[in-house]
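Please keep the model open while reading.

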Amino acid sequence: MTVIHSAEFAQEARELKGSIPLAQLSRLADQLADTSGEVFWHIESGVDRLQRPWLYLEVKGELQLVCQRCLLGAPWQLHSETVLTQFADEAQIDEAEMLDEDLEGILIDPELDIEALVEDEILLALPVALTHEVCGGDEALAKLASDKPNPFAVLAQLKTRKAE
């Protein structure tokens, strides 16, 4: 686990790189069809012209998400870049975000967990409902549909049995 003091890290204009195995990202696990592989992150920092500390975070990797049509694995390229401006309290974040709608603010954290920050960014970047352009699972869907009895046919059978 990589932990930094976010404001001091920015004041020193530091930079870090690393990777995280997908299997270690527990909050992301239920969104994935496969937890093998890893994501790569890069964090840079500095202070803007208003003397506010900021963190630039880039996250890359290939994830196997679940196709919402066929429920099979679907590869998805993750590439997220964000600049997080740091503030001492929520009121300052709210005020700054009202003045600049593109600004993303976070609280200064003396023990910022980089892995948790990376996982947060991945969760925010995920598509709402990923589907294959053409499902390779169309045959699987057809098989599922043929294996399952039509619920209305089952109801019709019950109705005819009562009539007998």
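## The largest pocket

The lining of the largest pocket divides into 8 nonpolar, 2 polar and 3 charged residues. Here Ala, Val, Leu, Ile, Met, Phe, Trp, Tyr, Cys and Pro count as nonpolar, Asp, Glu, Lys and Arg as charged, and the others, Gly among them, as polar. The pocket holds about 220 Å³ of space. Among its 13 lining residues, Leu50, Arg52, Phe87, Gln92 and Ala96 are the closest to the centre. Helix 2 (90-99) gives the most to the lining, with 4 residues. Strand 6 and helix 2 each supply at least two.

A pocket is found on a 1 Å grid over the protein atoms alone: it is an open set of points where a 1.4 Å probe fits, with protein on both sides within 12 Å along at least five of seven lines. Lining residues have an atom within 4 Å of a point. Grid points are joined across faces, edges and corners, and the volume is the space filled by probe spheres set on the points.

## Model and conventions

This is a predicted model: local features need pLDDT of at least 70, side-chain atom pairs count only at pLDDT 80 or more, and totals for chains, interfaces and linings use all residues. Residues are numbered from 1 along each chain as its sequence is written, and side-chain values use heavy atoms, with hydrogens and water left out.

## Overall layout

The protein chain has 5 helices and 8 strands. Helices (H or I, at least four residues) and strands (E, at least two) are DSSP runs, numbered from the N terminus. In order, the elements read β-α-β-β-β-β-β-α-β-β-α-α-α.

Of the 164 residues, 34% count as buried. Buried means under 20% relative accessible area, exposed over 50%, and partly exposed in between (1.4 Å probe, protein chains only). Contact means heavy atoms within 4.5 Å. Among contacts with a separation of 6 or more, 59% join residues 24 or more positions apart.

## The nonpolar core

Which residues have the most contacts inside the largest nonpolar core? They are Val39, Trp41, Ile43, Val59, Leu63, Val118 and Ile122, in a core of 30 residues. Strand 4 (38-47), strand 5 (53-66), strand 6 (73-87) and helix 3 (114-125) each give two or more residues. Strand 5 provides the largest share, 5 residues. Such a core is a set of buried Ala, Val, Leu, Ile, Met, Phe, Trp, Tyr and Cys residues joined through side-chain atoms within 4.5 Å. In soluble globular proteins, nonpolar side chains tend to be buried together.

Ile43 shows the packing in detail. Leaving aside neighbours within four places in sequence, Ile43 is in contact with Phe9, Arg14, Glu15, Leu16, Leu55, Tyr56, Leu57, Ile114 and Leu117.

## Strand pairing

Two strands pair if DSSP finds at least two bridges between them. Strand 5 pairs antiparallel with strand 6 over 13 bridges. Tyr56 stands opposite Val83 in that pair, and the bridge partner of Val59 is Ser80. Strand 4 and strand 5 are also antiparallel, with 9 bridges. There, Val47 faces Pro53.

Strand 3 (residues 32-34) joins strand 5 through 2 antiparallel bridges, and Asp34 stands opposite Gln64. Strand 6 and strand 7 (residues 104-107) run parallel, with 4 bridges. Leu84 has Glu104 as its bridge partner in strand 7.

## Positive phi in turns and loops

Most residues other than glycine have a negative phi. Gln51 has a phi near 65° in the hairpin of strand 4 and strand 5, which has 5 residues between the strands. Leu71 has a phi of about 65° in the turn of the strand 5 and strand 6 hairpin, where 6 residues lie between the strands. Leu71 counts as exposed because its relative accessible area is 60%.

Ala13 has a positive phi of about 50° and is not a glycine. It sits in the loop between helix 1 (6-11) and strand 2. Ala13 counts as exposed because its relative accessibility is 53%.

## Ser19

Not counting residues up to four places away in sequence, Ser19 touches Glu38, Val39, Phe40 and Trp41. The C-alpha atoms of Ser19 and Glu115 are separated by 8.9 Å, although the two are 96 residues apart along the chain.
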